[in-house]
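Here is a short tour of one protein structure. Look over the sequence and the model first, then read on.

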Amino acid sequence: MATTPPSSQGLEFVGQKVKILVDAINDLRNFGLEQVVDLPELVLVGDQSAGKSSLMSALTEVQLPRDQGICTKCPANLKTSPAETWSCKVSLQRYYRYENPRGGIIDQKSVTKKNPFPPWKEQTLDIREFKTIDDKSELEQVIKWAQIALLNPNDDFTDFIPGTGARSGGSFERERDSTIAKFSPNVIAIEISGPGLPALSFYDLPGIFRLASDRKEQYLAMVIENLAIKYIQRPNALIIWTLAMKTDPNNSHTGKVIQDCEATDRCLGVLTNPDHVSARHVEYERVLQGKSHIIKHGYFVTKQPGDDAVLEGPHYHSDAREDEMKFFTTDKLWTGEWAQFRSRCGTTAIQKFLSTELARQIMASIPSITEKIATRSREVDRQLSECPDLPDSDIRNIIMRRLSDFSNDVKNVMYGEASSDFQSEWSTLADQFRDMIIHIKPMVTLSHESDTASSSGIIEILSDDEDNFVRPSLVSNRKRGAQSAEGSPSPIRQKMMDGTTRPMKYEDEAMQPPSTPSRSQNRNPFSKTVFGRFAGLGQKFIDLAGIRTYITKHQSGLPGIPSPQTYNELQLKSVKSWNHILEVFMTETFSLVEKHLLEILHVNLGMYEQTALYKASKQHLRSFLSEIEEKERKSLRELYELETFKSYTINKAAVDDFRAKELQILTNQRKIIRAQAYVRNQMRNDRKARIPTDLPAEERNRKMKEKIAAVKDEQLPTDPFIDEIAVAAYIRGYYMTAGMRFIDSVCLSMKGRLFRSIRQSVSFYLEMQLGITSVGDGEDICRGLMEEDDTIAKHRRNLRQEKDKLTGFSRRLAALLKQIEETDSNDHADGRRSSRGSSGTDNEMGGDGPNGAVHRFRQNSSELGI
């Protein structure tokens with residue numbers, strides 16, 4: 001038998017850089033940052049009895065436990081690397097804690113999507129070193145007892161360490177059969193280095209099965225499948241699927257799981273037990289050809305010693321490799337019909353491929369890993385800045401400075417001297433308040449049914465602008481709607497020339513072009529503001545008949561002279577709706593003030609958000625603003641009450657000016673209404689004056705406008721509503737005068753009283769309320785205010801631990817890049833020699849082959865400048 005394993009050639013083949021990369025990725029994995037980055041890894045999966053344990057031993061060249069009661073109960077992470085002397089470190093990687101305090105029954109119903117491994121619950125990674133040995137003969141016992149330790153999570157793991165643990169000196173079989181847990185998702189980490197070992201690292205998972213030997217343990221089939229899914233779904237996992245050739249490949253449950261996880265593009269197949277196929281097997285031939293059960297990296301074949309093998313001792317693996325190659329070079333099937341697949345036969349070929357493919361994946365993932373670590377580091381730094389260490393000395397002075405800065409910032413914002421958006425936001429709100437008050441100026445319906453008593457249509461008033469026109473309706477009159485309590489007629493829908501219908505319009509509504517009569521004429525210009533729902537308050541205020549009713553009601557006995565009571569009642573009625581708009585303006589202003597002051601508080605005290613200082617300051621600030629708000633609301637409501645108590649102004653110039661403008665508008669619109677009635681009556685009585693009905697609607701409208709515009713004043717009879725028009729003009733003129741006065745008074749009160757009061761009162765307010773101004777016990781009060789709850793302290797500790805891990809990870813990654821750079825020239829030379837010696841048989845079996853993998857690795861290294 002040979003004394004040196006043939007696989008040592010594979011180590012020379014893959015080179016020093018593979019070892020550097022594999023070592024580095026395992027070091028990085030120990031930082032426990034799987035939630036941040038997905039590190040490249042190898043995952044060994046397969047059905048029960050598929051030869052997984054034997055393949056693991058062969059690939060790692062380590063004799064592993066073969067006790068079937070142990071190998072099926074927890075995953076193992078094995079790392080092998082070449083070294084001058086043999087050693088092994090075994091540790092327990094505890095990602096989950098055991099939570100079954102009452103010993104509850106666990107069955108298939110316990111296994112859910114949210115709880116895939118009952119009764120295990122996820123926790124922060126906890127690594128415990130189990131034992132380090134330098135004697136190979138101890139390895140099997142150490143690994144077996146390490147698994148017993150994982151299956152007894154509530155016990156001290158040191159009790160199970162062989163040689164020193166109290167329980168490891170007893171019966172292994174008794175301990176194995178009486179473990180607290182039947183399964184553990186936690187990992188046994190086995191790091192082995194020694195002469196001739198390949199540079200590999202991968203996870204060995206318990207074999208997937210369908211039926212448990214004990215009905216009570218059937219849930220384990222689901223749990224172990226969930227474990228396989230968890231590892232298979234990792235995007236950077238290279239999956240090694242073991243498939244025994246003594247079974248039908250179509251019955252592989254593991255194969256179905258891989259397909260369901262859509263992971264075939266990251267999968268490598270290894271066929272075991274080739275000695276069970278003595279004649280050509282059509283299905284397995286299609287598998288080897290890459291025509292059936294297709295996976296990206298194709299299939300390799302290996303033959304490991306059976307249970308009846310007599311191999312043992314230090315040369316076990318070299319002897320096994322020799323027997324394996326002897327089988328493939330002498331077996332009739334593999335030297336005959338299947339000789340074409342020989343390049344992928346044997347453990348050495350698998351080792352070469354896995355080493356180079358893993359190294360290639362590591363190389364390709366370095367940029368992504370670097371970016372993810374940097375991104376997470378920035379996020380951790382940000383979170384740490386929000387919960388910094390609390391001061392342990394000079395606390396009172398620190399708090400006083402912070403609160404003083406807060407007061408100064410508030411003053412600057414209220415003065416408009418800071419870069420805050422407060423003044424700009426409030427000015428916008430004030431502009432909207434002003435525009436809404438003006439917008440709801442009382443609308444007066446200028447048409448009266450007497451205008452159209454002899455007409456064939458009804459007038460639409462589209463705007464109170466002098467240059468705008470009306471749209472005529474060329475259909476007969478319909479029955480009028482009942483008038484409202486104030487004398488305003490209900491809106492009447494009129495049929496237009498184009499067949500559409502429209503409600504009667506009022507003088508302030510926007511005119512629509514004749515070509516688009518279906519467009520809405522009631523668009524709300526305040527729909528995107530806080531005042532949007534009040535945009536219709538001024539509409540349907542009153543009509544001419546309603547004004548006449550008021551005049552008659554307060555008749556003074558002098559015909560043609562309306563009583564002052566008429567004006568007073570209508571003027572007070574017109575401003576009554578201001579209270580709704582004022583309440584919204586006040587509420588929005590106070591909300592804006594509170595928002596910005598709380599932001600200023602957070603800027604100055606936000607780093608102590610977890611303390612009573614911040615919470616108490618926030619509460620006192622809101623009380624402070626509430627007191628000021630109450631006073632300001634009272635003052636502003638008094639302004640409203642003044643405006644609605646009695647109409648009054650000494651600003652005669654403003655009233656006269658507004659009244660004149662309103663009178664001009666109303667008079668012009670009133671004339672248009674009467675002129676339209678005149679034209680319609682003319683068209684009804686004179687056929688020659690009529691507009692041809694076969695003309696397009698737009699043209700008919702144009703001609704109708706021309707006719708209306710041509711009507712002169714002397715053609716129209718005296719308007720019976722001259723007095724009503726004059727009253728309406730005065731009401732609207734007074735509304736504008738009082739409205740501008742009210743707008744100014746409200747905004748001045750907010751600027752000159754509300755903001756000033758905040759500026760003048762904020763200094764030392766929080767200090768006094770917190771009670772920290774006292775010289776005697778001020779320091780003690782401050783210490784009490786700076787205490788934080790345990791949740792925040794724990795969060796800060798966790799962030800710091802993660803920051804330490806991220807920093808260590810980054811340093812190890814930087815060291816890796818430096819190592820690669822130092823070996824660059826040698827690896828390029830090796831790459832050229834290796835390329836010249838390639839056999840060119842990489843793609844014979846539906847996969848890339850070991851030589852193809854090495855070529856891709858070297859090509860990727862070259863592209864990255866490595």
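With which side chain does the side chain of Ser647 make a polar contact of 2.7 Å? The partner is the side chain of Asn568. A polar contact is a pair of N or O atoms within 3.5 Å; within protein, one must be able to donate a hydrogen and the other to accept it, and residues adjacent in sequence count only if both atoms are side-chain atoms.

This is a predicted model: local features need pLDDT of at least 70, side-chain atom pairs count only at pLDDT 80 or more, and totals for chains, interfaces and linings use all residues. Residues are numbered from 1 along each chain as its sequence is written, and side-chain values use heavy atoms, with hydrogens and water left out.

**The whole protein**

The protein has 866 residues, and 50% of them count as buried. Buried means under 20% relative accessible area, exposed over 50%, and partly exposed in between (1.4 Å probe, protein chains only). The protein holds 26 helices and 13 strands. These are DSSP runs numbered from the N terminus: helices are H or I with at least four residues, strands E with at least two. The accessible surface is about 41,200 Å² (Shrake-Rupley method, 1.4 Å probe). Carbon and sulfur atoms make up 48% of that surface. Take the contacts (heavy atoms within 4.5 Å) between residues at least 6 apart in sequence: 82% join residues at least 24 apart.

**Around Ser647**

Ser647 sits in the loop between helix 18 (612-645) and helix 19 (652-685). Ser647 counts as buried because its relative accessibility is 14%. Setting aside neighbours within four places in sequence, Ser647 is in contact with Asn568, Gln571, Leu572 and Tyr734.

**Salt bridges**

The structure has 40 salt bridges. Each is a side-chain nitrogen of Lys or Arg within 4 Å of a carboxyl oxygen of Asp or Glu. Three of them are among those listed here.

| Pair | N to O distance |
|---|---|
| Lys182 and Glu217 | 3.9 Å |
| Arg633 and Glu583 | 3.3 Å |
| Arg637 and Glu583 | 3.0 Å |

Lys182 and Glu217 form a salt bridge of 3.9 Å. This pair links distant parts of the chain, 35 residues apart. Lys182 is in the loop between helix 6 (172-177) and strand 5 (187-194). Glu217 is in the loop between strand 6 (200-204) and helix 7 (219-232). Lys182 is partly exposed at 33% relative accessible area, and Glu217 is partly exposed at 24%.

Arg633 and Glu583 meet at 3.3 Å. Arg633 lies in helix 18 and Glu583 in helix 17 (residues 578-605), so the pair ties together parts 50 residues apart in sequence. Arg633 is buried, at 13%, whereas Glu583 is partly exposed, at 28%.

Arg637 and Glu583 meet at 3.0 Å. Here too helix 18 is linked to helix 17, with the pair 54 residues apart. Arg637 is partly exposed, at 36%. Glu583, Glu629, Arg633 and Arg637 are linked in a network of salt bridges.

**Helix 12**

Helix 12 (residues 347-386) has 40 residues. A kink of about 45° lies at Ser365, shortly before the proline Pro367. That bend is the angle between axes fitted to the seven residues ending there and the seven starting there.

Definitions and conventions:
Expected span 1.5 Å × (residues − 1).
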